[in-house]
Amino acid sequence: MRRDRRKLKAYSHAATTSSIPYRVFPEASNASEAAALEIATLVRSRAAEGRTCVLGLATGSSVVNVYSAMVRMHREQGLSFANVAVFVLDEFLPMGPESLQSHVRFMNEHLFDHIDLPRDQIHIPDGTTPQDELSEYCLKFENEIAELGGIDMLILGIGRTGHIGFNEPGSGTDSRTRPITLDAMTRIDAASNFFGVENVPRRAITMGVGTILDARRIILLAFGEGKASIVARSVEGEIAPAVPATFLQQHDDVEFFLDSAAAANLTEIRSPWLVGEVFWDDVMVRRAVIALSQSVQKPVLMLTDADYNANGLQGLLAEYGTAYEINLSVFRHLQNTITGWPAGKPDTPETVFPKRIILFSPHPDDDVISMGGTLTRLAGQGHEIHVAYQTSGNLAVFDGDALRFAEFAADFCREFEVLNDDIQRLTEMMIRAIRDKASGSIDINEVQRLKGLIRRGEATAGARVCGVRDEHLHYLDLPFYETGTVRKKPIGERDTQITVDLLRQVQPHQIYAAGDLSDPHGTHRTCLDVIFAACEECRHDDWFASTAVWLYRGAWQEWAPHEIEMAVPLSPQEVDRKRDAIFKHESQKDRALFPGSDAREFWQRAEARNAQTAQIYDQLGLAQYQAIEGFVRWKGFDAG
């Protein structure tokens, strides 16, 4: 197996001990740029040789920025795709090419409509192929690949089942392009695009594992904490049909491009001291000591020299002298993270009190789900709390809930004798649109606005439970989100300006933002980028110099204990109050439209994660609490 692809840019990291080579990039955008650059280099090389460049391309969120970079290279650098032929990995079955969720539409919108790729050189599995013609069609697709000399470079994503393309668990290396039944987990992951798992097709057409392995060069992109487990299993686990991505270990020229979150479970990243020398900065020391404490099931202050030596930490012990000194340093850090005063105590010298605080909530419920206890604490301590709901969240309202509200509006006006012709026409139009709506189709504008009002009312009720004043609630409705579909617009100037205007209006001493980037449809990541762009715009304002930005999690995953820089403990009563605030989001209660991979309700997830963080602190030897909400301070622009 070749191990010669190690020329990397300064921001990347190369694997040295894994079964599959990989690079770790600070951000997904860096990985996407690197993949696009490699594609561009190959396209230009083949063009110089007078040869066709054959690409295999995937769909999905992982590749969107790759295609954006390719389009930019075409427009700004003259990169031509006239000599390129493309084979797209897969398509749902049945699926018309103009459907919102079709891979034909995805590829056209993100790439093909914006470059000079000849249409007759595009090959996408046809989701309208009749059942009795599928075998012949799939054989023809394979023959088309062979006639062009095979795929030069294939870009892949990876599913949580370990599927590549739509090759679900059980697929073998002899599989070729074929129809396949989708795994339940794959359908759940696709639910956000289809407005509910019940609308996701049960079948698809996909290139086979054997077809994929025939490609000369393979790049697999994986981003976010949600992919960390399957990436580690694919890279370091045994080859098995139960995880089709492990077959990539047999390929001579494959590489995973990962962001730091997706790489988190790889041995070299999770426990680098086990595979080589490391630089023992404060964060690395905390990681190692906490991991050791959890492994041997001892509180931090009870770890011994023997524990360090027996668990691969001889280097750390040699550098710091004794276990006692290391233990005490880590314990004191953990102890200092715990505070019941997240914005500072009123009697502390040089502390502004009360503070002006903005909590940015990507969706209308992230504030109470992720930091409802801390929000209640801040409000109760007398700070001026503002909550900014960045998006309307209208996509996540079931049609049945919207229908009930539309009918209520008509009945309310009729009951109080204020039902005029305009209101009757409006409510009847919305009711008719909801009842006649086809599965997976876009709501009309009026219904989108109605669903937004439902989420807005719930957000107001939840914030009131936490003690936030109504006049301090801000519904930003950022334009990037308001498309009516799961696919969003790129961040625009208006998104940033709306956020800048609010920041300059409030001039906060603290900003809380969602660092919970495993949100399956990417809204959290986009909303955080908007906040950072707005902070960049405000960074030279006088008030900004004293502003602290804290990142919270909780809706999709939690901060690791070595990362936490502020731990706010919650009493049993505060946990109950947080639950009450979450319950005000009735449209998300019992069953959310976009639940992601976790089947539990959001209040159950939040309570379990907060309780687990408290339990970890307890096991490390700290005080025992009912729950803890953890935060990490953003280090600013210079830290990247």
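Q: What makes Met153, Leu154, Ile155 and Leu156 of strand β6 buried residues, and which way do they point?
A: Met153 and Ile155 point one way from β6 (residues 153-156), while Leu154 and Leu156 point the other way; all are called buried because each falls under 20% relative accessible area, exposed being over 50% and partly exposed in between (1.4 Å probe, protein chains only). This is a predicted model, in which local features need pLDDT of at least 70, side-chain atom pairs count only at pLDDT 80 or more, and totals for chains, interfaces and linings use all residues. Residues are numbered from 1 along each chain as its sequence is written, and side-chain values use heavy atoms, with hydrogens and water left out.

Q: How do you know that β6 pairs with β2 and with β9?
A: Strands are DSSP runs of E with at least two residues, numbered from the N terminus, and two of them pair if DSSP finds at least two bridges between them. β2 (residues 53-57) and β6 have two bridges, and β6 and β9 (residues 217-222) have four, so both count as pairs, each in the parallel sense. Leu154 is the bridge partner of Gly56 and stands opposite Ile218 in β9.

Q: What makes Leu248 and Leu156 a contact?
A: Contact means heavy atoms within 4.5 Å, and Leu156 is among the residues that meet this for Leu248 when neighbours within four places in sequence are left aside.
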